[in-house]
Amino acid sequence: MEKLYSVEKCPQTYDQYEFTLSDLYRKLAKDELREDDEIREQSLTQMREWIAKHPYIRKCRTDASFLLRFLRFRKYSVPMACEALERYLAMRETFPQWFKNLDCNDPAMREMLQDGVFTKLGQDAEGRTVILFRFARFNVDKFTSLQEGRFTVLLIETLLECEELQIGGFRVLIDYTGSVLKHYGIWGVSDMKVFMDAINRSYPIRIREVHGAKFPKFAVSLLNLLLTFASPKLKDRITCHNSVEEMAKRCESTLLPKEWGGVCDLQEFNQRFQDHLEDRRQVLLALDEMDIDTTNYTSLWKHHEAPENEIDSGAMGSFRKLDVD
């Protein structure tokens, strides 16, 4: 079992971070995120001071493993990283039915994992984590959009613990082969808004590419509706392919399933990831111990078109007001 992390916002001591990844990720961190040992340490110190003084944050993890995902997401702009953390905490408190009690042992979660909806394939030559979704394997006769969304959030929270993903980002492969209208029809507009806001604005994830294959024509209008909630940057990173074979050409064979002419045993990979989820189970559940007063954040989800930095007494403002050097 992995160690649990304190949610004391102002602990007496903080953990010491040591960069242990390969030279590939050290170079990526420096070239793409402006990260080096000095900037990392200064930024962690500033962010911890900001959390300790924040009037609305009651409990929050302050370990480097947690805070670095936000600093890397915002390329070491400390005010923007603080704002991203603030929004993340407020989102979890505002929509607990979506983002809390993420338990891999929940029967619905476990069944979707066993159905092979998701597979982590590994890292490509550029350091990006490659993941595969087989969309038709969602059992829409049994599970709701909320359950599908919670399953995806469980995966995101688990993947975010991985420093390789924090630095290199990830590539998403989606195989829509065999999907039917009901796979798309169960998603209402309000569900789409909540889910896409989380992907676009509230989770510190760096999506480098999204590839989809065999998307059915009957669902194009629904896809267009979903994309109205996506950021322009995310839209630009989406590529649609006519066939799985065409999509497979965009990825090295060492990361492709055997069914696509590669070498990956999806069943073996899925079991490995399920074991990892079980190891991280208590860590993910302990995220629910973090707390923020959401009174000043209700406007964030009232109007979808609100700018990203439109936080009542938000991080950009409160960072300065709290006099963090």
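Predicted model: local features only at pLDDT ≥ 70, side-chain atom pairs only at ≥ 80, totals over all residues.
Residues are numbered from 1 along each chain as its sequence is written, and side-chain values use heavy atoms, with hydrogens and water left out.

Cavities, then. A cavity here is a set of points, on a 1 Å grid over the protein atoms alone, where a 1.4 Å probe fits but cannot get out; lining residues have an atom within 4 Å of a point. Points are joined across faces, edges and corners, and the volume is the space filled by probe spheres set on them. The structure holds five cavities of 30 Å³ or more.

How much space lies in the largest cavity? About 910 Å³. It has 38 lining residues, and Ile174, Tyr176, Phe195, Met196 and Leu226 are the closest to its centre. Helices and strands are DSSP runs, H or I of at least four residues and E of at least two, numbered from the N terminus. The top contributor is α7, with six residues. Sorted by class, the lining has 31 nonpolar, six polar and one charged residues. For that count, Ala, Val, Leu, Ile, Met, Phe, Trp, Tyr, Cys and Pro are nonpolar, Asp, Glu, Lys and Arg are charged, and the others, Gly among them, are polar.

Next, the second largest cavity. It holds about 40 Å³. Its lining includes Arg69, Arg72, Phe73, Leu160 and Arg206. Two or more residues come from each of α3 (64-73) and α8 (163-168). With three residues, α3 gives the most. The classes here are five nonpolar, one polar and three charged. Both domains take part: domain 1 (23-100) and domain 2 (107-281) each supply at least three lining residues.

That leads to the interface. The domain bounds come from an automatic or database assignment. The two domain centres, taken over C-alpha atoms, are 24 Å apart. In contact, meaning heavy atoms within 4.5 Å, are 24 residues of domain 1 and 30 residues of domain 2. The buried area is about 2400 Å², with 57% from carbon and sulfur atoms. Buried area means the accessible area (1.4 Å probe) that two parts lose on being put together, summed over both. On the domain 1 side, Tyr25, Arg69 and Trp98 lose the most, together 33% of what that side buries.

Last, charges. A salt bridge needs a side-chain nitrogen of Lys or Arg within 4 Å of a carboxyl oxygen of Asp or Glu. The structure holds 31 of them. Seven salt bridges cross the interface of domain 1 and domain 2. Arg72, already named in the lining of the second largest cavity, forms a salt bridge with Glu163 at 3.0 Å, N to O. Asp37 and Arg26 form another, with their closest N and O atoms 3.7 Å apart. Asp37 sits in α2 (residues 37-53) and Arg26 in α1 (residues 23-33), 11 residues apart.

Key. 1 Å grid on protein atoms, 1.4 Å probe; cavity = no way out; pocket = protein on both sides within 12 Å on 5 of 7 lines; lining within 4 Å.
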